[in-house]
Structures are given as structure tokens and as C-alpha cells.
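Student: Please show me the model. Then let us go through it by question and answer.

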Amino acid sequence: MLTIKSVSKSFDNLSVLDTIDLHVKKEEFVSIIGPSGCGKSTLLEIVTGLIAPSNGEIYFNEENVTGTTNKLGYMPQKDVLFPWRTVLENVIIPQEIMGIRKKDAEKKARQLVEKFGLSGFEEYYPSALSGGMKQRANFLRTVLTDKRLLALDEPFGKLDALTKREMLKWLTTVRMETKQSFLLITHDIDEAIFLSDRIYVMSSRPGRIVKEVHVKEKHPRSNGFLLSKSFSELKNELLSSLGV
Ligand SMILES: Nc1ncnc2c1ncn2[C@@H]1O[C@H](COP(=O)(O)OP(=O)(O)OP(=O)(O)O)[C@@H](O)[C@H]1O
Ligand SMILES: [Mg+2]
């Protein structure tokens, strides 16, 4: 579905990404882990067409989409809620852009608000939300784009451990219903293993792919998987490829 072909990126003299090749298949959940500053967010910005690679191409369903925006749903690492819009008004922006009637967009959003732990806060402005709540609102907005592939940059980074666990469990179930594909960036190895079918490990800057790991456990996954032998073996493998 998505192919990143020999992508390199430099900012002036700073080499950030070095010949990245990776792919995401239909309905697959793929994660990228790597040290801070290795170019993960830059790679996602290239995939979403927001910045141009110095070399290489991006293909989406066999079509060269390098530099093309709006092909996939994207949740950036930084908070992108508009301060002058309420939570509900913020999360329906992609649907508004697609020309869906406001009433219908709101109805759809309200159905998911509870799952995202935001019920009762629909009419709040972002300034009155906690960091974790803002992150969940950003995530809900991305989910509501209904795109076939969602690219998520550290979507759970600011969540407390319990909320995060709930969101992960929800995601491992919902992806089976929506049949969307995911490209997730995370620092959290446990999160990557729990969610993914495949995990790519990146080296420190300039980022290169140093390892690819398959997670064969079937979905939806339960908490028991976190305690299993196969989980800890995968975790060991990933930690050693990160050099920690
Ligand atoms: N627009 C830019 N101009 C110049 N340098 C940039 C730009 N964007 C990113 N960089 C540099 O590229 C490198 C990689 O940044 P990036 O944000 O992609 O890292 P990351 O892997 O996402 O890190 P983190 O895990 O901390 O989010 C950094 O050294 C950063 O300073
Ligand atoms: Mg980043």
C-alpha cells in the first residue's frame, strides 16, 4: 500500500535520513522505533508530502505521490488543535474539508468521544484540556479522517500509563473493524510490540533502517501477551538492535 523507496534527506549540511526503504501492506500495522533525533518525524513529514525528500520517492497504491498531501491521515507529534475551536469543532475539521455536513460530522465524532475519554469536554476549548486530553483529541481527529492509512507520530507519548493501556487495547480491536493500515512512530518498545505486525528499528542520525522484526501474535491482543515469553524475546531483540 505504501512504499518508501530509497529516501534520504539533508537539511543544509545536516544529513538526517540515509536511504530509507520500508513498506506498509494493506491492513498492516507497522511501527518505527529509534533514538530521539534520528529523523522519524522528518520521515513521516516526507511520507505525508509536507516536505520533499532530497532523494527517493513515496508510492501509495503503486502511484508516485512524492510531495502530494492528503493521501493519508496524519497525526503530527506536536499539538495542532486550533485554540479558537472547541474539541468537537476541532475533531471534525478533516470531515468539514471533505465537504461532509457539519451535523453528520458531529454525529460521527460524538459516537467516538467517549472511547477517547473526552465525553463531557466536547464544548471545551483546547486551553482548558490536559496534555493527554489534547493528544487524544488530536488522535480522534486523525481517526475521523477515515483514510485507509493513518500515519501517527507518537500519538500516546503524553498519556498516563492507564489511559495509554486502554487506548492501545481499543486500537488493537478497532483496526480489525475499520481495516485501516497504520504507520506508527513511537519511543515505546512495549507499545510497538503490542500493536504491530512489523517493527522497523532506526539507527541514530542519520537515520537508517537497521532491523526489521515481525510480531506474529494474532489480533486482537490481550494483556496476557505483554507477559508472554514471545513478547520478552522480541523486546530483547529490539533493545539489542537499539544498542541498549
Ligand atoms: N526543518 C528543519 N530544518 C533543519 N533541521 C531539521 C528540520 N527538521 C528536523 N531537523 C533536524 O533533523 C533531525 C531529526 O529530527 P526529527 O524531528 O525528524 O527527529 P525524531 O526522530 O522525530 O526525534 P524525536 O524522537 O525526538 O521526536 C534533528 O537533528 C533536527 O534538528
Ligand atoms: Mg519526532
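Tutor: First, a definition: two strands pair if DSSP finds at least two bridges between them. Strands (E, at least two residues) and helices (H or I, at least four) are DSSP runs, numbered from the N terminus. This is a predicted model: local features need pLDDT of at least 70, side-chain atom pairs count only at pLDDT 80 or more, and totals for chains, interfaces and linings use all residues. Residues are numbered from 1 along each chain as its sequence is written, chains are lettered from A and ligands numbered from 1 in the order written, and side-chain values use heavy atoms, with hydrogens and water left out.

Student: Which strand do five bridges join to strand 3?

Tutor: The two strands run parallel.

Student: How many bridges pair strand 3 with strand 9?

Tutor: Strand 9 covers residues 198-202 and pairs in the parallel sense. I33 stands opposite V201 there. The number of bridges is four.

Student: How many residues of strand 3 are buried?

Tutor: Buried means under 20% relative accessible area, exposed over 50%, partly exposed in between (1.4 Å probe, protein chains only). F29, S31 and I33 on one side are buried, and so are V30 and I32 on the other. Strand 3 is therefore largely enclosed by the rest of the structure. The count is five of the five.

Student: Which residues coordinate the magnesium ion (ligand 2)?

Tutor: Donors are N, O and S atoms within 2.8 Å of the metal (3.2 Å for Na, K and Ca); water is not among the atoms, so sites may look incomplete. The distances here are 2.0 to 2.2 Å. One residue is in helix 1 and the other in the loop between strand 6 and helix 2, 36 residues apart. They are S41 (OG) and Q77 (OE1).

Student: Is T142 buried or exposed?

Tutor: T142 is in helix 5. Contact means heavy atoms within 4.5 Å. Beyond its neighbours within four places in sequence, T142 contacts G73, Y74, M75, L150 and L152. Its relative accessibility is 3%, so T142 counts as buried.

Student: What is omega at the cis peptide bond joining R205 and P206?

Tutor: Most peptide bonds are trans. P206 lies in the loop between strand 9 and strand 10. Omega for R205 and P206 is about -5°.
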